[in-house]
Amino acid sequence: DYTNKLKLLFENSELRNKLASKAQPHAKEYYSLESCIERFINIYYKVLNKKYLTTISIPTSYGQSPLGFLYAGKLEQPDHIANHVMKQTIPDEFDLHIPKFFLPHISTFIDIGSNTGLYGLVAANEGKNISVHCFEPQPDCCKTLEKTISLNNWEKKVYVHQLGLSNKPNILDLQLTGTGSSFFHEFNNNPSLPTIKVPVDSLDNQIEKLNIKKVDFIKIDVEGLEQKVLEGSINILEKDKPVL
């Protein structure tokens, strides 16, 4: 694999220049003295079971996943998707066979409720000439997803939209619970959970704004708000008849 990648670097000047432009900021973020010290101190605070307050942003963890691409996220936390990906204990293991089956026929893949992008990333990695649009309202998930996209050089293949989808434009309260965050508060049934206000729109509006000609596949996982997402997708469903 290293030999093939090295050969590609020699042969593809566009890729070589692209990676070179990323190398310095990446090295500074992950391997600078300041970054290493912060992470080292953070380890001690975790051992002491104390929260470490730092002004320096500790880099997002990432690694080569069994799925065949670099994956970013909270790799060390058992309740996070990235941890399951790395340990090959993904709850969605069998569900992933559905988009994989249809990939030869998919040009535009819509991932609604992306979280850190499992479905959309698998589609980007295995699909040919595919365009993936990820809709996710959680800012931290979008940041992690963008890191994965950058690590795999998928900027012209995977697009992140920090936005929730519903049946019409609005501002809604998103109840935060990590992988189970929801606009439908009855889903978690816990009024003490923190909330943030985020913009939402209909998929029909977004497809028109993004000038997407045809939608082939739509994955929806929005913790209880699926009905409203479908109501806001009527035009696309009737016109393109995508796999849903």
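Helices (H or I, at least four residues) and strands (E, at least two) are DSSP runs, numbered from the N terminus. This is a predicted model, in which local features need pLDDT of at least 70, side-chain atom pairs count only at pLDDT 80 or more, and totals for chains, interfaces and linings use all residues. Residues are numbered from 1 along each chain as its sequence is written, and side-chain values use heavy atoms, with hydrogens and water left out.

**Figure 1. Aspartate 111 sits in strand S3.** The strand covers residues 108-112. Is aspartate 111 buried or exposed? Aspartate 111 is buried, because its relative accessible area is 0%. Here buried means under 20% relative accessible area, exposed means over 50%, and partly exposed lies in between (1.4 Å probe, protein chains only). Contact means heavy atoms within 4.5 Å. Residues up to four places away in sequence are not counted for aspartate 111. The residues it touches are Gly117, Tyr119, Gly120, His133, Cys134, Phe135 and Lys219.

**Figure 2. Tyrosine 30 pairs with tyrosine 31 and with tyrosine 62.** Rings of Phe, Tyr and Trp (its six-membered ring) pair if their centres lie within 6.5 Å. Planes under 30 degrees apart count as stacked, over 60 as edge-to-face, and the rest as tilted. The structure holds eight aromatic pairs. One of them joins tyrosine 30 and tyrosine 31. This pair is tilted, with 6.3 Å centre to centre and 45° between the planes. Tyrosine 30 is buried, because its relative accessibility is 4%. Tyrosine 31 has a relative accessible area of 54%, so it is exposed. Tyrosine 30 also forms an edge-to-face pair with tyrosine 62, at 5.2 Å centre to centre and 90° between the planes. Which parts of the chain does this pair link? Tyrosine 30 belongs to helix H2 (residues 13-31), and tyrosine 62 to strand S1 (residues 62-64). These are distant parts of the chain, with the two tyrosines 32 residues apart. Tyrosine 62 is partly exposed, because its relative accessibility is 25%.

**Figure 3. Phenylalanine 101 belongs to an aromatic cluster.** Which residues form this cluster? They are Phe101, Phe102, Phe109 and Phe217. Phenylalanine 101 lies in helix H5, which runs over residues 97-102. Its relative accessible area is 60%, so phenylalanine 101 is exposed. Now look across to glutamine 24. Phenylalanine 101 and glutamine 24 are 77 residues apart in sequence. In space they are 39 Å apart, C-alpha to C-alpha.

**Figure 4. Proline 139 lies in helix H7.** The helix takes in residues 139-151. Proline 139 counts as partly exposed, because its relative accessibility is 38%. Which residues does proline 139 contact, leaving aside its neighbours within four places in sequence? They are Gln162 and Ile196. Asparagine 153 is 14 residues from proline 139 along the chain. Their C-alpha atoms are separated by 21 Å.

**Figure 5. The protein as a whole has 10 helices and nine strands.** Its radius of gyration, taken over C-alpha atoms, is 19 Å. Along its principal axes, the C-alpha trace spans about 55 × 55 × 30 Å. Of the 244 residues, 40% are buried. Among contacts between residues at least 6 apart in sequence, 59% join residues at least 24 apart.

Key
Rg over C-alpha atoms; globule rule 2.2 N^0.38 Å.
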